[in-house]
Amino acid sequence: MKRFLVIVLGAMLVLALTACGDSQKVINVYNWGDYIDESVLKEFETRTGYKVNYETFQTNEEMYAKLKNGGTSYDIIIPSDYMIEKMIKEDMLLEIDLNKVPNYKNIDAVYKNLAFDPDNKYSVPYFWGTVGIVYNTNEISDEIDSWTALWNEKYSKQIAMVDSQRDALMIALKILGYSMNTRDESQLDEAKELLIKQKPLVLAYAGDSIKDLLIGEQVSIAAVWSGEAANIIMENPHFRYVIPSEGTNLWFDSIVIPKGAKNIEAAHMFVDFLCDPEIAQKNAEYVGYATCNTETKKLLDPALFPTTHAYPLEEWYLDKAEVFVDPGDFIKVYDRIWTEIKAK
């Protein structure tokens, strides 16, 4: 009987410790693919004793759908501007207690009070950037300065397009002289026809793998996010990044805590951790995107200032750049247009 009781009590203790560990010592993080130096996750675990469960997504829409459908709980997610705006409207985010984020003082005021979160209640800036064109100067001798280069028939099957609904439509809308936030269905139909016309020239629509297509010289020219461009140019200096003359998407990705988070205290610790200048330096050097952290900028290679892919000196592009806004119910039109493009 004593032996039986020892076994039962031991089993109960193991279950209790396991349950305690699951509920109190785990933080669940959901981020873009290849968007953090994963060594910092180990550092967070060492510093805090929390285990980091880390998952990735490819698009804002994929992330949103997963959260909206329920069944999965995250403590930290890192969406883009317009998606944060949408999630705030739909009451999907918790307010962040900035008293628990002392490193927030390191965030440049330029990246605070942005339109998608004007009072800085729900988000803390992570990275910012642009969308542009990367091309291999060994393969393409032309001076590229327009989105229309991605429709040039002499580059047929050397072209890759970013597999992102809003960004792909942005490119076509900019060529047509329209706002990338248009709510005019006829303008979106024009953009759709332009993208369908382009499809026979495109080798692939891709996300993170677009970098591999370029570095592996499977394509010579592509629409990419600026941080991907930084990594490509680091691998092969014969590549060049340009912000097209028609304008572009100026975007901001920020750290948020979704409603349903199981470990809110750990979530605040993680937000503060990402705002630590040295941690932010590791992430900036790994992913190649522009940091929002003023102290981190002092630690980065001075050669980055300025570079078109990271910290553009040119001011002209800001006049033609836009930040995505949440289209509300009109997103159904964007979804229909995108489905029709992909179906062709």
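Trainee: What volume does the largest cavity have?

Mentor: The model is a predicted one. By the rule applied here, the count comes to two cavities of 30 Å³ or more. The largest cavity has a volume of about 80 Å³.

Trainee: Which element gives the most to the lining of the largest cavity?

Mentor: The lining includes Pro125, Tyr126, Phe127, Ala280 and Asn283. Two elements give two or more residues to this lining, namely strand 4 (124-136) and helix 10 (277-287). The element that gives the most, with three residues, is strand 4.

Trainee: How many charged residues does the lining of the largest cavity have?

Mentor: Among the lining residues are Ile107, Ile255, Leu274, Cys275, Thr291, Cys292 and Asn293. By class, nine residues of the lining are nonpolar and three are polar. The number of charged residues in the lining of the largest cavity is none.

Trainee: How many charged residues are in the lining of the second largest cavity?

Mentor: About 50 Å³ of space lies in the second largest cavity. Its lining consists of Tyr111, Lys112, Leu114, Phe116, Asp117, Asn120, Ser123, Pro125 and Ser254. By class, four are nonpolar and three are polar, and the number of charged residues is two.

Trainee: Which element gives the most to the lining of the largest pocket?

Mentor: The largest pocket holds about 420 Å³ of space. Of its 26 lining residues, Trp32, Gln58, Asn60, Ser164 and Trp225 are the closest to its centre. Helix 3, helix 4 (81-89), helix 5, strand 9 (250-255) and helix 13 (331-343) each supply at least two residues of the lining. The element that gives the most, with three residues, is helix 5.

Trainee: How many charged residues does the lining of the largest pocket have?

Mentor: The lining of the largest pocket has eight nonpolar residues. Its polar residues also number eight. The charged residues of this lining number 10.

Trainee: Are helix 5 and helix 6 roughly parallel or roughly perpendicular to each other?

Mentor: Two packed helices are described by the angle between their axes and the distance between the axes. The axes of helix 5 (residues 165-175) and helix 6 (residues 185-198) come within 9 Å and cross at roughly 105°. Angles of 65 to 115 degrees count as roughly perpendicular. Helix 5 and helix 6 are therefore roughly perpendicular.

Trainee: How many polar residues does the contact of helix 5 with helix 6 have?

Mentor: Helix 5 brings Ala168, Leu169, Ala172, Leu173 and Ile175 to the contact, where they meet Gln187, Leu188, Ala191, Leu194 and Leu195 of helix 6. By class, nine of these residues are nonpolar and no residue is charged, while the number of polar residues is one.

Trainee: Are helix 2 and helix 10 roughly parallel or roughly antiparallel to each other?

Mentor: Helix 2 and helix 10 have axes 11 Å apart and pack at an angle of about 160°. An angle over 145 degrees counts as roughly antiparallel. Helix 2 and helix 10 are therefore roughly antiparallel.

Trainee: How many charged residues does the contact of helix 2 with helix 10 have?

Mentor: Val40, Glu43 and Arg47 of helix 2 make this contact with Ile279, Lys282 and Asn283 of helix 10. By class, two residues are nonpolar and one is polar, and the number of charged residues is three.

Trainee: Which are the edge strands of the open sheet?

Mentor: Three strands form the open sheet in the order 2-1-3, and the pairing is parallel. Each edge strand pairs on one side only. The edge strands are strand 2 (51-57) and strand 3 (76-77).

Trainee: At about what angle does helix 3 run to strand 1?

Mentor: Strand 1 (residues 26-32) runs parallel to strand 3, to which two bridges join it, and Tyr30 stands opposite Ile77 in strand 3. Helix 2 (residues 39-48) packs on the sheet and touches strand 1 and strand 2. Helix 3 (residues 60-69) lies across strand 1, strand 2 and strand 3, and its angle to strand 1 is about 145°.

Definitions and conventions:
Residues are numbered from 1 along each chain as its sequence is written. This is a predicted model: local features need pLDDT of at least 70, side-chain atom pairs count only at pLDDT 80 or more; totals for chains, interfaces and linings use all residues. Side-chain values use heavy atoms; hydrogens and water are left out. Axes are lines fitted to C-alpha atoms, for helices over the stretch in contact, and angles run from 0 to 180 degrees between N-to-C directions. Helices (H or I, at least four residues) and strands (E, at least two) are DSSP runs, numbered from the N terminus. Angles under 35 degrees count as roughly parallel, over 145 as roughly antiparallel, 65 to 115 as roughly perpendicular and the rest as oblique. Contact means heavy atoms within 4.5 Å. Ala, Val, Leu, Ile, Met, Phe, Trp, Tyr, Cys and Pro count as nonpolar, Asp, Glu, Lys and Arg as charged, and the others, Gly among them, as polar. Two strands pair if DSSP finds at least two bridges between them. On a 1 Å grid over the protein atoms alone, a cavity is a set of points where a 1.4 Å probe fits but cannot get out, and a pocket is an open set with protein on both sides within 12 Å along at least five of seven lines; lining residues have an atom within 4 Å of a point. Grid points are joined across faces, edges and corners, and a volume is the space filled by probe spheres set on the points.
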